[in-house]
Amino acid sequence: MFVTAAYAQSSTTEGAEAHDAAAAGEVHTETGVAHEADHGAGVFPPFDTTHFASQLLWLAITFGLFYLLMSKVIIPRIGGILETRHDRIAQDLDEASRLKGEADAAIAAYEQELASARAKGHSIADTAREAAKSKAKADRDGVEAGLAKKIAAAEARIADIKSKALADVGAIAEETATAVVKQLIGGTVTKAEIAAAFKASAGN
Amino acid sequence: MSNDPTHQFLVNKIVPLEIGGIDFSFTNASLFMVATVGAAAGFLYLTTSQRGLIPTRMQSVSEMSYEFIASMLREGAGSHGMKFFPMVFSLFMFILTANLLGMVPYFFTVTSQIIVTFALAVFVIGTVLLYGFYKHGFGFLKLFVPQGVPGALLPLVVAIEIISFLSRPISLSVRLFANMLAGHITLKVFAGFVASLSAFGALGIGGAILPLIMTVALTGLEFLVAFLQAYVFAVLTCMYLNDAVHPGGH
């Protein structure tokens with residue numbers, strides 16, 4: 001207020017110049033406020049009625065234009081954007097739920113397939129195991145039968161050899177006894193005697 | 001610039017115009033009305049020109065203001081009130097933009113003129129009256145007769161209701177006008193203190209810090225008030241429109 005009083009006067013007198021000519025004496029007697037209220041009313045500017053008509057007219061023009069712009073251009077546009085987005089989101093949600101359904105169906109099919117495959121695998125394994133078991137049993141049976149036959153043949157041969165050997169043992173013992181007797185006694189012993197003696201010992 | 005705090009509210013002729021003896025000059029107030037419309041419409045138009053499915057930041061601002069007013073009106077006046085959406089949206093955007101533009105230094109504040117806010121309020125109340133009588137005929141007068149009031153009290157209550165209805169355009173316009181006017185004057189006065197005090201040398205400059213802080217804080221407050229008053233105007237418009245749409249049911 002101290003610095004700019006003169007400055008204010010100079011800036012506002014420009015606007016008041018037109019009036020100055022008409023009401024020169026009146027204007028210059030007042031301070032800055034009177035200069036500013038150059039319509040002679042000297043009232044608080046917002047209550048200055050001289051401009052009410054102009055303000056109303058221009059408000060009607062500008063606000064009317066603004067209202068038209070809003071209702072014809074902006075609101076349909078933003079509404080359209082929001083609606084498109086809303087539709088798009090709903091559509092995407094539908095698509096997502098549809099895809100989820102498909103995925104669920106695929107999972108179910110997969111599970112079913114897996115179960116049947118597993119069952120099939122089990123049955124294949126079972127039959128294979130059964131077949132292998134029966135084959136192994138048959139093989140073992142065959143092998144066992146062969147072995148038993150061989151064992152029987154071997155046993156028969158052993159018995160044969162044994163009996164043959166045992167028969168030979170008698171003859172060898174008789175010869176040995178003859179020789180031993182000859183050496184010990186010096187006489188000869190008939191074969192028949194030796195055999196008799198053997199028989200006697202063998203009978204014990 | 002003058003240090004007189006009311007200087008900023010002066011209306012100056014830019015293009016003199018007189019029709020039928022009435023002064024319709026294009027003034028600085030008219031200029032800022034045009035600027036308000038240009039800024040608000042331009043912002044809304046340009047930010048939404050992409051029509052992006054995924055909005056940019058600025059497009060979200062436009063969409064948010066749309067949805068803000070739409071939900072306000074739906075809550076205030078129900079789905080029947082949505083036919084007034086362009087009106088409430090225009091009012092809100094116009095007042096908000098005018099208030100915010102007024103915050104720019106040296107700019108004229110359109111809403112600090114009582115005639116402007118009064119015209120807007122009369123527009124709202126006029127719409128309420130016209131639509132109320134058009135839609136409900138004399139049934140609209142039920143607005144002044146609240147239900148469930150004892151017979152003895154009824155004349156008094158009706159009188160109070162009528163007075164409160166008549167005071168609406170005044171309270172609606174004075175609230176906005178006074179807020180903008182007082183805020184700008186306060187800002188100007190405190191900012192004036194800064195200039196005056198700093199003229200007194202070092203001590204004055206030290207003393208000027210306090211009003212400077214005050215000016216900064218008030219500027220923040222004024223931005224809040226600028227938004228808040230536009231919001232209040234829009235909310236009250238919704239409430240009054242609700243009376244026009246549903247006069248009987250409060």
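Analyst: Two residues are in contact if their C-beta atoms, placed from the backbone, lie within 7 Å. Among contacts in chain A between residues at least 6 apart in sequence, 19% join residues at least 24 apart; for chain B the corresponding figure is 65%. This is a predicted model, in which local features need pLDDT of at least 70, side-chain atom pairs count only at pLDDT 80 or more, and totals for chains, interfaces and linings use all residues. Residues are numbered from 1 along each chain as its sequence is written, while chains are lettered from A and ligands numbered from 1 in the order in which they are written.

Next, the elements. Helices (DSSP runs of H or I, at least four residues) and strands (runs of E, at least two) are numbered from the N terminus. Chain B has seven helices and four strands, in the order β-β-β-β-α-α-α-α-α-α-α from the N terminus. Chain A has five helices and zero strands. A residue is buried if 20 or more other C-beta atoms, placed from the backbone, lie within 10 Å of its own, exposed if 12 or fewer, and partly exposed in between. By this count 38% of the 250 residues of chain B are buried, as are 10% of the 204 residues of chain A.

Now the core itself. A nonpolar core is a set of buried Ala, Val, Leu, Ile, Met, Phe, Trp, Tyr and Cys residues joined through C-beta atoms within 7 Å. The largest one holds 59 residues, and B:Val88, B:Phe92 and B:Ile95 have the most contacts inside it. Elements giving two or more residues to this core are helix H4 (52–185) of chain A and, from chain B, H1, H2, H3, H4, H5 and helix H7 (209–245). The most, 11 residues, comes from H3(B).

H3(B) is mostly covered, with 15 of its 18 residues buried. From first C-alpha to last, H3(B) reaches 25 Å, close to the 26 Å expected at 1.5 Å a residue; the expected span is 1.5 Å times one less than the number of residues. Leaving aside residues up to four places away in sequence, B:Ile95 touches B:Thr111, B:Leu176, B:Ala230 and B:Phe233.

The contact between the chains takes 48 residues from chain B and 44 residues from chain A. On the side of chain B that touches chain A, the largest share, nine residues, comes from H1(B). That side has 29 nonpolar, 15 polar and four charged residues, where Ala, Val, Leu, Ile, Met, Phe, Trp, Tyr, Cys and Pro count as nonpolar, Asp, Glu, Lys and Arg as charged, and the others, Gly among them, as polar.

Confidence is given as pLDDT, the predictor's confidence in each residue, from 0 to 100. Chain A has a mean pLDDT of 79, and 77% of its residues reach 70 or more. In chain A the highest mean, 91, belongs to H4(A), and the lowest, 40, to helix H2 (residues 24–29) of chain A. Over residues 1–41 of chain A, pLDDT stays under 50, and the model has 50 contacts beyond four places in sequence for them. Where pLDDT is low, the predicted coordinates should not be read in detail.
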